[in-house]
Amino acid sequence: MYQWFLCKILCRFKLPLSRFSPQCSRWSYRSRCTRKDMARDGLDFSEAKRHAAFRLCKVSGYMTELLEIRADDPKLHVLFIPGNPGIVAFYKDFVEALYAFLGGHASVTAIGHVSHTKKNWERGKLFSLEEQIVHKVDFINQELENLEVPILLVGHSIGSYMANDVFRRSSEKVTYCIGLYPFLAVNPQSRSQVLSVALSCIAASLGSLPSSAYRLILTNSVGSSWSAAAVEAACSHLVQYQVVRNILFLTRTEFRKLAEIPDWKFMREKQEKIAFLFGVDDHWGPLQMHEEISKQVPGISLSIERAHPHAFSCTEDGSSCVAKHVARLIENQVLHSGQ
């Protein structure tokens with residue numbers, strides 16, 4: 001029973017927000033991301049392979065976990081904002097693949113959420129969705145202020161919402177924004193919020209298990225399909241009490257905020273500088289939202305990925321395929337267009 005609940009929790013309470021069966025429009029693709037495909041697309045993977053480095057950084061007084069690869073002579077800087085649970089270690093394979101697909105021409109930084117950290121730096125303080133967004137804006141102002149290259153934002157799940165809002169607040173500094181499997185709105189009448197609260201209680205009980213028991217449950221449930229980096233990230237962070245509490249608090253503030261209507265006006269104003277990648281059967285970024293965006297913002301770049309689930313970063317293949325898509329977008333929309 002614990003194994004079933006664990007799978008649900010680690011997939012970020014993947015429950016249906018609403019019932020829908022839209023006809024999908026725009027471009028969709030399914031890719032295995034082989035090296036032959038990379039060469040054909042002009043994406044040089046082998047020559048630019050580097051390992052991402054972890055480091056701690058104080059942002060507005062809050063200790064922050066970063067995962068980054070710095071290019072020797074960057075043409076742009078990609079800032080990645082994760083979803084909830086907001087742990088950058090889950091995205092190690094993705095960051096490394098993205099850097100490689102961009103041929104080593106871009107620095108890539110993944111910034112974790114405040115207090116979603118391995119160590120309890122903030123002594124149990126809880127941070128809302130708004131506070132996490134401000135934290136990312138402060139990071140740009142503090143760490144990326146003097147960059148002479150374009151800044152691109154990439155977000156996953158609720159990180160897509162955060163990235164879009166950071167773009168709105170820092171549009172003079174940010175060139176482009178990409179949302180992956182975006183969580184942008186909720187259906188207030190859906191039962192997902194109630195079910196998420198119930199699963200949250202179970203998540204809290206799992207967090208109280210001994211680390212050895214937690215690792216055993218994880219290995220027996222998803223360990224065979226997840227990458228080594230994802231398993232290690234779960235075992236190192238999701239057993240921390242303050243991380244579990246902040247995941248649940250952020251979830252609660254997400255539902256409250258995302259019950260509001262999305263900022264269509266801003267998206268229309270920046271439609272040439274925003275792109276979204278949706279997945280099939282993704283309850284957090286449903287195809288219903290894909291259709292709504294296409295109606296509200298007809299000129300925006302929309303795609304559908306059919307091979308990998310919402311938690312794409314938990315497998316090496318998912319990380320590689322999504323990174324390839326992001327690299328292609330950056331190559332076509334930013335580097336080649338001269339934005």
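Lys-58 has Met-63, in strand β3, as its bridge partner. Strands β2 (residues 53-59) and β3 pair in the antiparallel sense over seven bridges, where two strands pair if DSSP finds at least two bridges between them. The model is predicted, so local features need pLDDT of at least 70 and side-chain atom pairs count only at pLDDT 80 or more, while totals for chains, interfaces and linings use all residues. Residues are numbered from 1 along each chain as its sequence is written, and side-chain values use heavy atoms, with hydrogens and water left out.

**The protein as a whole**

- The protein has 12 helices and nine strands; helices (H or I, at least four residues) and strands (E, at least two) are DSSP runs, numbered from the N terminus.
- Of its 339 residues, 57% count as buried, where buried means under 20% relative accessible area, exposed over 50% and partly exposed in between, with a 1.4 Å probe and protein chains only.
- Among contacts between residues at least 6 apart in sequence, 81% join residues at least 24 apart; contact means heavy atoms within 4.5 Å.

- β2 and β3 form a hairpin with two residues between them.
- Ser-60, in the turn of this hairpin, has a positive phi of about 50°.
- On pairing with strand β5 (residues 106-111), β3 again runs in the antiparallel sense, here over four bridges.
- Ile-69 stands opposite Val-108 in β5.
- Strand β3 (residues 62-69) is largely enclosed by the rest of the structure, because seven of its eight residues are buried.
- In a regular strand the side chains alternate between the two faces of the sheet.

**Helices α4 and α5**

- The axes of α4 (residues 129-143) and α5 (residues 158-169) come within 10 Å and cross at roughly 55°. Axes are lines fitted to C-alpha atoms, for helices over the stretch in contact, and angles run from 0 to 180 degrees between N-to-C directions.
- That angle makes α4 oblique to α5: angles under 35 degrees count as roughly parallel, over 145 as roughly antiparallel, 65 to 115 as roughly perpendicular and the rest as oblique.
- α4 passes α5 in a right-handed crossing. A crossing is right-handed if the near helix is turned clockwise from the far one by less than a right angle, and left-handed if anticlockwise.
- On the α4 side, the residues that meet α5 are Leu-129, Glu-130, Gln-132, Ile-133, Val-134, Lys-136, Val-137 and Ile-140. Their counterparts in α5 are Ile-158, Tyr-161, Met-162, Asp-165, Val-166 and Arg-169.
- The residues of this contact divide into nine nonpolar, one polar and four charged. Ala, Val, Leu, Ile, Met, Phe, Trp, Tyr, Cys and Pro count as nonpolar, Asp, Glu, Lys and Arg as charged, and the others, Gly among them, as polar.

- Ile-133 is found in helix α4 and counts as buried at 2% relative accessibility.
- Leaving aside neighbours within four places in sequence, Ile-133 is in contact with Tyr-161, Met-162, Asp-165, Val-166 and Arg-169.
- Ile-133 and Arg-169 are 36 residues apart in sequence, with 9.7 Å between their C-alpha atoms.
- His-135 is also placed in helix α4 and is buried, with a relative accessible area of 4%.
- Not counting residues up to four places away in sequence, His-135 touches Val-59, Thr-64, Ile-111, Gly-112 and Val-114.

**Helices α3 and α12**

- Helix α3 (residues 92-101) packs against helix α12 (residues 316-335) at an angle of about 40°, with the axes 8 Å apart.
- That makes α3 oblique to α12, and their crossing is right-handed.
- From α3, the contact is made by Asp-93, Phe-94, Ala-97, Leu-98 and Phe-101; from α12, the residues include Glu-316, Ser-319, Val-322 and Glu-331.
- By class, this contact has eight nonpolar, two polar and four charged residues.

**Loop residues**

- Lys-270 lies in the loop between α10 (264-269) and β8 (274-279).
- Not counting residues up to four places away in sequence, Lys-270 touches Phe-167 and Ser-171. The C-alpha atoms of Lys-270 and Phe-167 are separated by 9.5 Å, at 103 residues apart along the chain.
- Most residues other than glycine have a negative phi.
- Arg-123 has a positive phi of about 55° although it is not a glycine. Arg-123 lies in the loop between β5 and α4 and is exposed, with a relative accessible area of 78%.
- Asp-281, in the loop between β8 and α11 (287-296), has a positive phi near 60°. Asp-281 is exposed, with a relative accessible area of 51%.
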